[in-house]
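Let's take a walk through this one, strand by strand and core by core. Keep the viewer open and follow along.

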Amino acid sequence: MRAFSYERASSIEAAVTVAASNPDAKFIAGGTNLLDLMKLEIEAPTHLIDVNGLGLDRIEPTSEGGLRIGSLVRNTDLAADETVRRDYGLLSRALVAGASGQLRNKATTAGNLLQRTRCPYFYDPNQPCNKRQPGSGCSAIGGYTRQHAVVGTSDDCIATHPSDMAIAMRALDATIETVAADGRHRSIAIAEFHRLPGDTPHIDTVLQQGEFITAIVLPPPIGGKHIYRKVRDRASYAFALISIGAVIQPDGTGRIAVGGVAHKPWRVEGAEALLSNGARETARGILADARPTEQNRFKIDLVERTLGAVLAEARG
Amino acid sequence: MNHTSRVTLTVNGESRDLDIDNRTTLLDALREHLHLTGTKKGCDHGQCGACTVMVDGRRINACLTLAVMHEGSEITTIEGLGQPGNLHPMQAAFVKHDGFQCGYCTPGQICSSVAVLEEIRANIPSHVTKDLNAPAQLTAVEVRERMSGNLCRCGAYSNIVDAIADVGGLTA
């Protein structure tokens with residue numbers, strides 16, 4: 001790990017001012033992904049701004065009837081929250097499908113959104129990787145690609161976003177509230193928050209230098225059956241091959257977000273109109289532009305079959 | 001720039017001042033600076049759970065957090081749970097049920113086990129919890145899921161589950 005200076009932020013304003021003036025500074029909250037990457041020198045900040053003391057750890061109702069989740073709420077606390085369990089069960093389910101009890105106790109809501117891909121080539125500093133070192137090439141393309149993305153890929157990157165929580169947030173139409181160095185606040189729809197790789201796969205999100213997430217806001221509850229189904233190589237503590245986050249209404253309409261298939265939580269609203277035609281047509285609509293490799297072509301069938309299981313479960 | 005910090009931790013009930021390089025993980029602070037070597041370094045990447053300790057009452061991976069981030073925190077390691085002659089009930093149950101072979105993962109397994117029973121009591125849901133709106137249940141299936149962040153390469157899993165079930169009062 002490279003040496004760095006360290007400070008505890010005294011306020012959000014102070015934190016974003018420091019971060020905006022120093023491109024080599026990073027915020028640290030749970031640190032469960034950042035420190036892992038720093039040990040491998042994939043991330044090498046020269047200055048860490050500890051934001052854990054900023055009091056952004058509350059879950060509060062919004063005036064619109066939704067929920068404002070502080071960016072520092074731990075994954076365990078979010079999954080266990082009474083309102084989340086009752087009204088946003090999908091979010092609770094997705095959270096407890098990810099990581100381990102130890103990690104969920106430390107990992108934060110904002111940090112979960114900002115975690116980086118687990119592509120093994122990104123993690124191996126000896127291999128070219130456009131995400132780690134722009135312009136160096138992609139080792140995954142033509143390499144071992146069983147875990148990789150099948151849709152929204154580019155010639156520069158086929159990595160997936162690893163989060164379970166973000167799949168639920170996408171299906172629930174969450175918005176991300178931020179504050180920038182100039183004090184400007186903005187709300188970013190989760191659909192716009194994560195980027196597709198294109199020719200700049202090193203940029204994961206639309207956040208600007210120094211911009212800080214203060215909260216994630218859920219709109220009022222929409223009812224329906226909340227189901228998160230994750231398919232992985234072992235029963236627990238593994239990243240998804242694919243996952244499906246669904247909210248299905250009694251009339252059969254619903255929302256479907258898919259994990260493990262793209263560089264961002266994958267949802268195609270237009271395909272949700274096909275739900276009445278069954279899993280096959282809906283899955284085909286969701287993955288219409290898929291470009292799988294020989295090794296991850298199975299994900300196409302897996303999405304369809306998992307969606308079939310989800311719809312059967314929703315029918316009860 | 002200053003690359004070192006002073007931090008005060010409460011470890012097993014005792015206040016400890018440390019002058020450390022900012023890079024020092026909580027795990028390395030415990031082992032290398034405070035010589036509490038019960039907590040083990042396995043993978044050092046949060047994948048094996050050997051470094052599990054309790055911080056402010058919650059289990060975490062000590063390898064994936066910096067000591068400097070824990071000013072004022074209360075940390076409990078395996079040494080703080082119990083000592084020879086005065087074992088924590090979970091330590092005694094691991095002995096009784098033969099919940100280990102080489103023993104390397106055991107301190108992490110025991111810290112995690114104690115926390116798992118507390119998490120169920122606190123009604124924190126898990127991936128296998130059937131009804132999110134009903135109290136969490138202590139079952140063998142729940143214990144297995146909740147312990148998945150602690151690997152045991154000797155494969156003592158079934159005896160570990162027996163030890164936890166025994167302490168938790170679960171009759172199979």
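Strand 6 (residues 175-179) of chain A runs antiparallel to strand 8 of chain A, and 5 bridges join the two. To find your way in, look for Ile176(A), which stands opposite Ile216(A) in strand 8 of chain A. Keep in mind that you're looking at a predicted model.

A pair of aromatic rings is described by the distance of the centres and the angle of the planes. Over all chains, the count comes to 2 aromatic pairs. In one of them, the ring centres of Phe27(A) and Phe212(A) are 5.0 Å apart and the planes sit at 70°; planes over 60 degrees apart count as edge-to-face, so this pair is edge-to-face. Phe27(A) lies in strand 2 (residues 25-28) of chain A and Phe212(A) in strand 8 of chain A, so the pair ties together parts that are 185 residues apart in sequence.

Phe122(A) is buried, with a relative accessible area of 0%. Tyr123(A) has a relative accessibility of 18%, and because buried means under 20%, it counts as buried as well.

Now for the packing. In soluble globular proteins, nonpolar side chains tend to be buried together. Here the largest nonpolar core has 34 residues, and the members touching the most others are Leu78(A), Leu91(A), Leu113(A), Met169(A) and Leu218(A). Two or more residues each come from strand 5 (67-70), helix 3 (75-80), helix 5 (89-96), helix 7 (109-114), helix 8 (165-171), helix 9 (190-193) and strand 8 (212-218) of chain A. Helix 8 of chain A gives the most, with 6 residues. For a close-up, pick Leu218(A): leaving aside residues up to four places away in sequence, it touches Gly66(A), Leu67(A), Ile69(A), Tyr88(A), Leu91(A), Met169(A), Leu172(A) and Ala174(A). Apart from this core lies another, of 25 residues, including Leu241(A), Ala283(A), Leu287(A) and Val303(A).

Ala283(A) takes us to helix 10 (residues 279-286) of chain A, where Ala279(A), Thr282(A), Ala283(A) and Ile286(A) are buried. Seen down the helix axis, the buried residues of helix 10 of chain A fall within an arc of 95°, so they line one face of the helix. An α-helix has 3.6 residues a turn, so residues three or four places apart point the same way. The buried residues of helix 10 of chain A pack against strand 11 (254-259) and helix 11 (298-315) of chain A.

Which neighbours does strand 10 of chain A have? It's joined by 7 bridges to strand 9 (residues 225-231) of chain A and by 6 bridges to strand 11 of chain A, running antiparallel to strand 9 and to strand 11. On one side Ile248(A) is the bridge partner of Lys225(A); in strand 11 of chain A, Arg255(A) is the bridge partner of Val247(A). The hairpin of strands 10 and 11 of chain A has 5 residues between the strands, and Gly252(A) takes a positive phi near 90° there.

How buried is strand 10 of chain A? 7 of the 7 residues in strand 10 (residues 242-248) of chain A are buried, so it is largely enclosed by the rest of the structure. In a regular strand the side chains alternate between the two faces of the sheet. Both faces are covered here, with Ile242(A), Ile244(A), Ala246(A) and Ile248(A) buried on one side and Ser243(A), Gly245(A) and Val247(A) on the other.

Finally, hop over to chain B. Helix 1 (residues 26-33) of chain B is mostly covered, with 6 of its 8 residues buried: Leu26(B), Leu27(B), Asp28(B), Ala29(B), Leu30(B) and Arg31(B). Just after this helix, His35(B) takes a positive phi of about 60°.

Technical notes. Residues are numbered from 1 along each chain as its sequence is written. Chains are lettered from A and ligands numbered from 1 in the order in which they are written. This is a predicted model: local features need pLDDT of at least 70, side-chain atom pairs count only at pLDDT 80 or more; totals for chains, interfaces and linings use all residues. Side-chain values use heavy atoms; hydrogens and water are left out. A nonpolar core is a set of buried Ala, Val, Leu, Ile, Met, Phe, Trp, Tyr and Cys residues joined through side-chain atoms within 4.5 Å. Buried means under 20% relative accessible area, exposed over 50%, partly exposed in between (1.4 Å probe, protein chains only). Helices (H or I, at least four residues) and strands (E, at least two) are DSSP runs, numbered from the N terminus. Contact means heavy atoms within 4.5 Å. The arc is that of the directions from the helix axis to the C-beta atoms. Two strands pair if DSSP finds at least two bridges between them. Rings of Phe, Tyr and Trp (its six-membered ring) pair if their centres lie within 6.5 Å; planes under 30 degrees apart count as stacked, over 60 as edge-to-face and the rest as tilted.
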